[in-house]
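Colleague: I have the file open. Can you walk me through the fold?

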Amino acid sequence: IRASYSSNFPVFDGNTVSSGVDYPAAVLCRGTIGVSGMLDNPVVVEGTLTVDTGVTLTVGSGNILYFKSGDLVVKGTLNAAGTSGEKIYFTSDNAEKAAGQWEQIRFYPGSTGTMSHCVVEYAGRDGGTVSGYEAIEVHDGASLTFEDSELRHITYSSSYTASGIYITGSSSEVTVRNSLFDNITSTAIIVTDDSSPTLTDNQIS
């Protein structure tokens with residue numbers, strides 16, 4: 001099922017994927033989300049999925065977003081609040097997962113993000129607009145709270161290294177708390193351009 005969220009938010013419930021289908025989820029999506037709503041079923045993101053300005057995308061606890069080498073661009077609000085027992089996954093759609101199989105999550109100026117009990121993994125492919133190789137970008141003027149979460153297996157190739165979270169701009173507001181950074185080939189968190197994030201009780205392994 002190819003879904004469009006440009007002007008409405010369709011609901012899919014109770015769908016399954018047979019063994020003969022090449023996708024790990026029944027719903028495929030890309031393009032611009034133009035209305036607020038909740039993703040409470042697994043989806044495969046093809047290319048770039050954009051949360052438009054003024055729009056709130058809520059991701060239900062326990063949900064999975066699979067990426068086919070693309071990215072998630074947030075111009076509005078991303079609310080991804082999982083629980084300790086039902087984490088939210090942002091991951092590769094590949095059956096044989098490896099670091100750098102999809103790009104990143106990008107928070108543009110004016111956007112807001114809350115990510116708690118989330119797992120971001122196998123990202124870091126080229127395509128970023130700041131430095132090119134990172135799992136999460138936070139631009140000047142954006143706000144992000146990343147807590148009780150994991151960011152792991154982040155790289156691009158043997159020729160390039162990738163960072164976990166890249167924060168730029170003096171007016172960005174970022175809090176990273178009680179989170180794990182694991183198997184990242186470069187720096188877990190890069191802070192540039194007079195950014196002053198709040199970093200508390202994080203672990204790097």
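Modeller: Terms to begin with: helices (H or I, at least four residues) and strands (E, at least two) are DSSP runs, numbered from the N terminus. This is a predicted model, where local features need pLDDT of at least 70 and side-chain atom pairs count only at pLDDT 80 or more, while totals for chains, interfaces and linings use all residues. Residues are numbered from 1 along each chain as its sequence is written, and side-chain values use heavy atoms, with hydrogens and water left out.

Colleague: Fine. How many helices and strands does the protein chain have?

Modeller: Zero helices and 20 strands.

Colleague: Which strands form the open sheet, and in what order?

Modeller: Seven of them, in the order S3-S5-S7-S10-S13-S16-S19, with parallel pairing. Two strands count as paired if DSSP finds at least two bridges between them. At the edges are S3 (37-39) and S19 (198-200), each pairing on one side only.

Colleague: What about the pairing around S10?

Modeller: S10 (residues 112-116) is joined to S7 (residues 77-81) by five bridges, running parallel, and Ala80 stands opposite Met115 there. S10 also pairs with S13 (residues 143-147) in the parallel sense, again over five bridges. In that pairing Met115 faces Phe146.

Colleague: And from S13 to S16?

Modeller: Five bridges, parallel, with S16 covering residues 173-177. The bridge partner of Glu147 in S16 is Arg177.

Colleague: Met115 keeps turning up. What is it in contact with?

Modeller: Contact means heavy atoms within 4.5 Å. Leaving aside neighbours within four places in sequence, the contacts of Met115 include Leu78, Phe90, Ile105, Ile136 and Leu144.

Colleague: Which residues have the most contacts inside the largest nonpolar core?

Modeller: Phe90, Met115 and Ile136, in a core of 47 residues. A nonpolar core is a set of buried Ala, Val, Leu, Ile, Met, Phe, Trp, Tyr and Cys residues joined through side-chain atoms within 4.5 Å. Buried means under 20% relative accessible area, exposed over 50%, and partly exposed in between (1.4 Å probe, protein chains only).

Colleague: How much of the chain counts as buried?

Modeller: 49% of the 205 residues.

Colleague: Switching to S8. Why is it largely enclosed?

Modeller: Four of the five residues of S8 (residues 88-92) are buried, so the rest of the structure largely encloses this strand.

Colleague: Which strands is S8 joined to?

Modeller: S6 (residues 64-74) is joined to S8 by four bridges, in parallel, and Ile64 stands opposite Tyr89. Three bridges join S8 to S11 (residues 118-121), also parallel, where Tyr89 stands opposite Val119.
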